[in-house]
Amino acid sequence: MFIATVRVPTAHASRYLQQLCKHWSHNLAVTFTETEGTVTFPRNARGADWPGDATLALKAQPDGLDCRLEASAAEQREALKGAVARHLDRFAFREAPLAFDWRDA
């Protein structure tokens, strides 16, 4: 597994978590509440051919949104970091760009 984590500073973590999960629920397997969410990116999404699926776990905190990506390849992890950041910035347009200081594990 190729893992990356980040806490995105924002006072609107729950709102952004729900918007992101609702948006991706149209095409991906998603479960979420007001405070936690999980998104599964299939290994073959959008014509890709990764070794396995990737998952994004989200947790709303009072001071930010915790994101944990688990991917099957380093390149998949990097691509999803960008996708998560672009989508969150779109939903957080009033305070974008948000700060993403990803930590690879």
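Biologist: Buried or exposed: how should I read tryptophan 24?

Modeller: Start with the cut-offs: buried means under 20% relative accessible area, exposed over 50%, and partly exposed in between (1.4 Å probe, protein chains only). Tryptophan 24 has a relative accessible area of 8%, so tryptophan 24 is buried. Bear in mind that this is a predicted model, where local features need pLDDT of at least 70, side-chain atom pairs count only at pLDDT 80 or more, and totals for chains, interfaces and linings use all residues. Residues are numbered from 1 along each chain as its sequence is written, and side-chain values use heavy atoms, with hydrogens and water left out.

Biologist: How many aromatic pairs does the model hold?

Modeller: Rings of Phe, Tyr and Trp (its six-membered ring) pair if their centres lie within 6.5 Å; planes under 30 degrees apart are stacked, over 60 edge-to-face, the rest tilted. That rule gives two aromatic pairs here.

Biologist: Why is the pair of tryptophan 24 and phenylalanine 41 edge-to-face?

Modeller: Their ring planes stand at 80°, with the centres 5.1 Å apart, so the pair counts as edge-to-face. This pair links distant parts of the chain, 17 residues apart: tryptophan 24 belongs to helix H1 (residues 13-24) and phenylalanine 41 to strand E3 (residues 36-41). Helices (H or I, at least four residues) and strands (E, at least two) are DSSP runs, numbered from the N terminus. Phenylalanine 41 is buried because its relative accessible area is 8%.

Biologist: And which residues form the stacked pair?

Modeller: That one joins phenylalanine 100 and tryptophan 102, with 6.3 Å from centre to centre and 20° between the planes. Phenylalanine 100 is partly exposed, at a relative accessible area of 21%, while tryptophan 102 comes out buried at 16%.

Biologist: Let's turn to the sheet. What is the order of its strands?

Modeller: Two strands pair if DSSP finds at least two bridges between them. Here six strands make an open sheet, in the order E2-E3-E4-E5-E1-E6, and the pairing is antiparallel. At the edges sit strand E2 (29-32) and strand E6 (103-104), each pairing on one side only.

Biologist: How many bridges join E2 to E3?

Modeller: Four bridges hold these antiparallel strands together. E2 and E3 make a hairpin, with three residues between them. Within that pairing, threonine 31 stands opposite threonine 38 in E3.

Biologist: Which strands does H1 touch?

Modeller: Contact means heavy atoms within 4.5 Å. H1 packs on the sheet and touches E2, E3, strand E4 (54-61) and strand E5 (64-71). Helix H2 (residues 74-91), in turn, lies across strand E1 (2-9), E3, E4, E5 and E6.

Biologist: Could we zoom in on one residue? Where is threonine 31 found, and which residues is threonine 31 in contact with, its neighbours within four places in sequence aside?

Modeller: Threonine 31 is in strand E2. With those neighbours left out, its contacts are Glu36, Gly37 and Thr38. Threonine 31 is exposed, since its relative accessible area is 54%.

Biologist: How far apart are threonine 31 and alanine 57 in space?

Modeller: From C-alpha to C-alpha, the two are 9.8 Å apart, while in sequence 26 residues separate threonine 31 from alanine 57.

Definitions and conventions:
Axes fitted to C-alpha atoms, helices over the stretch in contact; angles between N-to-C directions.
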